[in-house]
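Dear colleague,

I am passing the structure below on to you, and the notes that follow it set out what was found. Please read them with the coordinates open beside you.

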Amino acid sequence: MEGLKEFSPRLMIVSDLDNTMVDHHDPENISLLRFNALWEADYRHDSLLVFSTGRSPTLYKELRKEKPLLTPEITIMSVGTEITYGDSMSPDKGWEEVLNQGWDRGTVVKEASRFPQLKFQVETEQRPHKVSFYIEKTKSSEVINALSKRLEEHQLDVKIIYSGGIDLDILPQGAGKGQALAYLLKKFNSKGKSPQNTLVCGDSGNDAELFSVADVYGVMVGNAQEELLQWYEGNAKSNPKVILAHERCAAGIIQAMQHFNLDPNVSPRDIVGLSQTGAKYFLLGHEIVEFHLLCERWRRAEVEDSNEIFQRFKSAIDPNCSLLHPWGVEENLFTSIDVLRQCYGDQKGKQFRIWIDRIRPLKISLDIWLVRFDKWELIERERRCCCTTALLKVKPDAPNSLSWIHIHETWLDGCGSSTNLCCSI
């Protein structure tokens, strides 16, 4: 199973996307970028990130193009009716077989079509085990009750989920976000790789089932919708493992990590000036995330233009570090880094961000790491991704520090390339 680590994940976060991980009222994506930095610095190497969304694969991929989302190990889509693994999003065939039992999609469509109050959602949202409609909130209760009776008359074992004050989904009874998670946890347990801790995160009615899964922590983010808050009052208010956050979206997820002492729980983006060091932090992840975060802050003029600040760049690079550009030119990065000094503030006041995704480390000797990661840049509305392979070495005089000794960059097709060193680190 591509999404399964070779060991028990230290933490598995299972999060809804729209209005939970992604804040559509935050054009700068600040809370999402805060979470991204925390996850890549401290959790990517030994934990699992799972996105659980009502979106179909088509709309999920559209969201990935619009927002700086990390790449999850597992994706649960279409309100828990589809489970896929890894970058290739290979489907879980076993889950499909489970959902096929007692499901008659044709009859569901026929009976639901008798209700003019139900308006079919677009074709991409109609999935093998999900039939989706829009319905006005004032008409939802009456229609749901009547439709449920008609489906029962056909002896169909289905469930109807209403969320967001407009979306109505009909699924097999065994489907849903909660059942999909329970299926995954059972699968992990059968292989002896159950997560040490699991945190589920949501904001709407179709997330409610997540909070009913046994032995998980849960957070309803500060912007949770009415139907989920009502469910909380009736079902989870006395459960100490489920909290209502006061922070919105991804900031609420970080708040929950702090509340439940899931450590580390402070994003590198919330630290200004000093690096996070110590036994609880993943040294390699922090070096990669903090180095590129400093590049972003330097170019946005969010740190002081001083020799002391610039020396942090120099001290992170080995004097013999080589940078191999995508166009084949190799240069000494330590001597060339001074070009970055000229880039101070060149993105001030602009929508410029850098984030790291998919850190994949391999320790090849006692003091050397081979690591691959994707470096993303947003410059106004243009996004570009650089696939990076690097060697980093533990400093002999500072065992809690690493230095870059080789970097090889490859820009993805369509992202273009640049001979400007400011864009190559």
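The structure, which is a predicted model, holds 31 salt bridges, and a few of them are described here with the surroundings of their partners. Glutamate 296 forms a salt bridge with arginine 269, the closest N and O atoms being 2.8 Å apart. This pair links distant parts of the chain, since glutamate 296 lies in helix α9 (residues 283-299) and arginine 269 in the loop between α8 (249-259) and α9, 27 residues apart. Glutamate 296 is buried, at 0% relative accessible area, and arginine 269 also counts as buried, at 15%. Both residues belong to a network of salt bridges that links Glu28, Arg269, Glu296 and Arg353.

A salt bridge of 3.8 Å (N to O) joins the side chains of lysine 375 and glutamate 377; lysine 375 is buried at 0% relative accessibility, and glutamate 377 is buried at 0% as well. In the salt bridge between arginine 114 and glutamate 111 (3.2 Å, N to O), arginine 114 is partly exposed, with a relative accessible area of 47%, whereas glutamate 111 is buried, at 2%.

Best regards

Note on methods
Residues numbered from 1 in each chain as written. Predicted model: local features only at pLDDT ≥ 70, side-chain atom pairs only at ≥ 80, totals over all residues. Heavy atoms only, no water. Salt bridge = Lys/Arg side-chain N within 4 Å of Asp/Glu carboxyl O. Buried < 20%, exposed > 50% of the residue type's maximum accessible area, 1.4 Å probe, protein only. Helix = DSSP H or I, 4+ residues; strand = E, 2+ residues; numbered from the N terminus.
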